[in-house]
Amino acid sequence: MKNGAIFISVILNQVLGFFWYSDFLFSEIWLKGIGKTADQLDQSNPVPFVFAIVGAFVLGYGMNWVFKHFHVKTHLEGIKVSTILWLCFCAFSLAIHYKFIGYSVSLIALESAKELASFYVVSLMLTTKYV
């Protein structure tokens with residue numbers, strides 16, 4: 001079990017989320033897509049952050065299990081398997097859910113791309129030999 005790599009990937013995924021949804025990158029597009037303003041977000045509510053952290057651990061341990069059973073060793077193998085996992089278990093699930101809510105394709109693409117980046121972060125950590 002690559003506990004250190006998973007722990008680091010959890011931290012990196014929180015950093016990724018911070019920048020992804022910040023003014024540095026996509027906050028304006030994301031807020032428009034969800035139909036809210038920055039003032040309407042409750043930054044004091046810790047529950048979404050707890051879910052993000054728990055979800056990052058679940059992703060890390062789940063991908064670790066898959067990588068171990070499919071003997072994924074290199075970064076390239078990890079990226080390939082991560083892309084398949086994301087496509088099969090994340091991208092279309094998000095797309096279906098978000099389309100029924102009524103969100104735009106551009107918001108779905110933004111959210112899906114962030115999740116793909118999260119999968120890649122975990123993959124790169126799990127296939128790094130020094131962690």
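This is a predicted model: local features need pLDDT of at least 70, side-chain atom pairs count only at pLDDT 80 or more; totals for chains, interfaces and linings use all residues.
Me: Which residue does Lys114 meet in a salt bridge?

Reply: A salt bridge here is a side-chain nitrogen of Lys or Arg within 4 Å of a carboxyl oxygen of Asp or Glu. A search of the whole structure turns up one. At 3.8 Å, N to O, the partner of Lys114 is Glu115.

Me: And how does Glu115 count in terms of accessibility?

Reply: Lys114 is buried at 11%. Glu115 has a relative accessibility of 23%, so this residue counts as partly exposed.

Me: How far apart do the centres of the positive and negative side chains lie?

Reply: Lys and Arg count as positive and Asp and Glu as negative, while His and the chain ends are not counted. Each charge is placed at NZ of Lys, CZ of Arg, CG of Asp or CD of Glu. The chain has 9 positive and 7 negative side chains, and the centres of the two sets are separated by 16 Å.

Me: Let's turn to Gly60. Which helix does Gly60 lie in?

Reply: Helices are DSSP runs (H or I, at least four residues) and strands are too (E, at least two), numbered from the N terminus. The chain has five helices and zero strands. Gly60 belongs to the one covering residues 47-69, helix α3.

Me: Which residues is Gly60 in contact with, leaving aside neighbours within four places in sequence?

Reply: Gly60 is buried, with a relative accessible area of 0%. Contact means heavy atoms within 4.5 Å. With those neighbours left aside, the partners of Gly60 are Ile6, Val122 and Leu126.

Me: What percentage of contacts between residues at least 6 apart in sequence join residues at least 24 apart?

Reply: As for burial across the chain, 34% of the 131 residues count as buried. Among contacts between residues at least 6 apart in sequence, the share joining residues at least 24 apart is 74%.

Key. Residues are numbered from 1 along each chain as its sequence is written. Side-chain values use heavy atoms; hydrogens and water are left out. Buried means under 20% relative accessible area, exposed over 50%, partly exposed in between (1.4 Å probe, protein chains only).
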